[in-house]
Amino acid sequence: MISCTFDTQILAVKVTEHIEKATGTLFSFEVLPSLKGRDIQDLYNGIEPLMEFNPSFINVTYHREEFIYKKLTNGLHEKIHARKRPGTVSICAAIKYKYGIDTVPHLICGGFTRDDTELALIDMHYLGMDNVLALRGDSVKGDSQFIPEKGGHAYASTMVRQIAEMNKGHYLDDEIVEGIPTDFCVGVAGYPEKHFEAQNLKTDLKYLKEKVDAGADYIVTQMFFDNRKFFAFVDACRKAGINVPIIPGLKPITTTKHISFLPKTFHIDMPEALADELEKCKNNEQVMQVGIEWGIQQSKELIAAGVPCIHYYTMGKSEAVKRIVQGAY
Ligand code: FAD
């Protein structure tokens, strides 16, 4: 008989433990699941060029269903419900056991009941993952506001509370009296330029504190291009009594499309100096060069300021992140 051992405890280190043990600024990055119909090798091809920099952890985003309108032969349109990038939890397990690196699955409220959330967390726990990034998610395309699932969470803070309860062995089913406690280290999102729905930064910080008080262990920020906004955000968090580690998130600009797409999609400002440089660019190669140089300067300044980790958004493209890390660390 062939015996096979599958050690689910391999390298299960929490993000906060990585930070506590670190002697300098850590490096981590985020990937998107492959498009449905593609192979996981596509994803590995995006990860492998970054392995030489010893990432402490890799995040995998979660993509909820989208509604698309397909044109029929009779000229009418059919509303189709599709998830284009499935597999977040299984991809995390695949990366973790292929490369021996901790992974952080993203988990969203949108489309999930509390039961669904519990089941997803149980899968992660069985697969030896001790990290999760708890998010609300955006509204479904076409909806004017976020609509929680019936029996689901309206805000990330209550999902964090549910995870904190599971960490105490409290499951939704109250017939489970001595449930095995999970041991999740929970990250949440923060917005140096405020979340676009928040009335102002003060209320946004109030709700960010609610997530931390509910049990979040650290914050990862939305991308930003102006470090002053990040430093001001960290100061405001500390004044508001938010004392967990705050990890800055950076995204390199690599195409002319990004120049308008990133501010519009992520509700962030492009500093004038960067916008001026980008305006001089005639093609994607020149834009990417400016984006890399800006990313190196941003990273160097953040490292000098002693941030615990820099988290890079690859959006499936590793070349620019690779050159930034080479130039900054
Ligand atoms: P919340 O913290 O719930 O906040 C949402 C809004 O509600 C904010 O304006 C907040 O101020 C307000 N609010 C919070 N609590 C209350 C309350 N009690 N009463 C009234 N208002 C309140 N999206 C995905 O779909 N998949 C991903 O994988 C993903 N990854 C991300 C990773 C990072 C690092 C970041 C920064 C964002 C990510 N997002 C992802 C996007 C995120 O889901 C959206 O920005 C979403 O609109 C808000 O999520 P949140 O967790 O910050 O929400």
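Helix α6 gives the largest share of the shell around the ligand, four residues; helices here are DSSP runs of H or I with at least four residues, strands are E runs of at least two, and both are numbered from the N terminus. This is a predicted model, in which local features need pLDDT of at least 70 and side-chain atom pairs count only at pLDDT 80 or more, while totals for chains, interfaces and linings use all residues. Residues are numbered from 1 along each chain as its sequence is written, and side-chain values use heavy atoms, with hydrogens and water left out.

At least two shell residues each come from β5 (102–108), β6 (131–135) and α6 (201–214). In total, 22 residues surround the ligand, each with a heavy atom within 4 Å of it. The closest are Y62, D138, Y191, D204 and K211.

Which polar contacts (pairs of N or O atoms within 3.5 Å) does the ligand make with D138, Y191 and Y207? The side chain of D138 places an N or O atom 2.5 Å from a ligand oxygen. For Y191, a polar side-chain atom is 2.7 Å from an oxygen of the ligand. Y207 has a polar side-chain atom 3.4 Å from a ligand nitrogen. The protein buries 86% of the 980 Å² that the ligand exposes when taken alone, by the Shrake-Rupley method with a 1.4 Å probe.

Turning to the helix pair, α4 (residues 114–126) and α5 (residues 156–167) pack at about 50°, their axes 11 Å apart; the axes are lines fitted to C-alpha atoms over the stretch in contact, and angles run from 0 to 180 degrees between N-to-C directions. α4 is therefore oblique to α5, since angles under 35 degrees count as roughly parallel, over 145 as roughly antiparallel, 65 to 115 as roughly perpendicular and the rest as oblique.

Notes
Polar contact = N/O pair within 3.5 Å; in protein donor to acceptor, adjacent residues only side chain to side chain.
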